[in-house]
Amino acid sequence: MQNLDIMEMKIRLAKILYERSYKEGEFTLTSGRKSNFYFDGKQTALHPEGAFLIGHLFNNLIKDDPSITAVGGLTLGADPLVSATSVISYQLGRPLPAFIVRKAPKGHGTNQYLEGLSNLQLGKPVAMLEDVVTTGGSLLTACERVKEAGFKIGMLCTVLDREEGGNEAIKAAGYELRSLFRRSELLELAKR
C-alpha cells in the first residue's frame, strides 16, 4: 500500500469515500440547505486505510509550502484529519503538529478555543483542514479563531468541495482552497 503513487491513492480513497461517506437521497445540511446527497467524511477518516490515504494526500498538498508548521481544523470533522496528517507527516520526515479548534471556548482552565497550543510556534503559518466545504462558513470561522490566537493561515485544504459556493466564499475572504476532490471528480474516480 505504501508504494502507491498519488493518483493511485486518490482513486483508492475515492472508492472508500464513495462506499463509506457518500449518500444520495434527501438531506438537510448544517447550513440549512436541502441537498440530494450527503457527505460524512468521518466515516472514511476513521477507517484505517481511509485515514492513511487522507494523511498522505493532505501531506502531498502541504509539501509545496515549506512555511507550514502545523495542521488543524474545527472539531469534530477535522479531528481525524489532523491526526492522520500529523502522523503521516512524521513518517515522511516533515513532522507537523496537530491542533484542534473548539466550537466554543473550553469554559474552564485556560478557556481557549485551540487545543494543542504547546506544540505550535506562535505567529507561524498553519494549514487548516476540513472534511467537506459547502458554504465555507465553518472553515472561515475556524480560521478567524486561529488568527485571533496569534497564528497565520497559510493554507486551507478539504477532502471534498461540494461545488456549492464555498470555494468562492473562501476566495472572497482572501484564501485559496485546495481540495482532494470536487464532487464531480470524486464520482468519476470512484467508478474507475
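Asp65 is in contact with Arg94, Gly154 and Met155, leaving aside its neighbours within four places in sequence. The model is predicted. In it, Asp65 sits in the loop that connects α3 to β3, and both of these elements belong to the arrangement of helix α3 across β3, β6, β7 and β8.

- Asp65 is buried and has no salt bridge.
- The nearest side chain of opposite charge is that of Arg94, 5.8 Å away; a salt bridge requires a Lys or Arg side-chain nitrogen within 4 Å of a carboxyl oxygen of Asp or Glu.
- The side chain of Asp65 makes a polar contact of 2.6 Å with the side chain of Ser67.

**Sheet**
- An open sheet of 6 strands runs in the order β5-β4-β3-β6-β7-β8, with mixed pairing.
- The edges are β5 (114–115) and β8 (177–182); each has a single partner strand, so one side of each is left without a neighbour in the sheet.
- Strands β3 (residues 71–74) and β4 (residues 98–101) are paired in the parallel sense, with 4 bridges between them.
- Leu74 has Val101 in β4 as its bridge partner.

**Helices on the sheet**
- Helix α5 (residues 137–148) packs on the sheet and touches β3, β4, β5, β6, β7 and β8.
- The direction of α5 makes about 160° with that of β6.
- Helix α3 (residues 48–62) lies across β3, β6 (125–133), β7 (152–161) and β8.
- Relative to β7, helix α3 runs at about 135°.

Note on methods: Residues numbered from 1 in each chain as written. Predicted model: local features only at pLDDT ≥ 70, side-chain atom pairs only at ≥ 80, totals over all residues. Heavy atoms only, no water. Pairing = 2+ DSSP bridges. Helix = DSSP H or I, 4+ residues; strand = E, 2+ residues; numbered from the N terminus. Contact = heavy atoms within 4.5 Å. Axes fitted to C-alpha atoms, helices over the stretch in contact; angles between N-to-C directions. Buried < 20%, exposed > 50% of the residue type's maximum accessible area, 1.4 Å probe, protein only. Lys, Arg positive; Asp, Glu negative; His and termini not counted. Polar contact = N/O pair within 3.5 Å; in protein donor to acceptor, adjacent residues only side chain to side chain.
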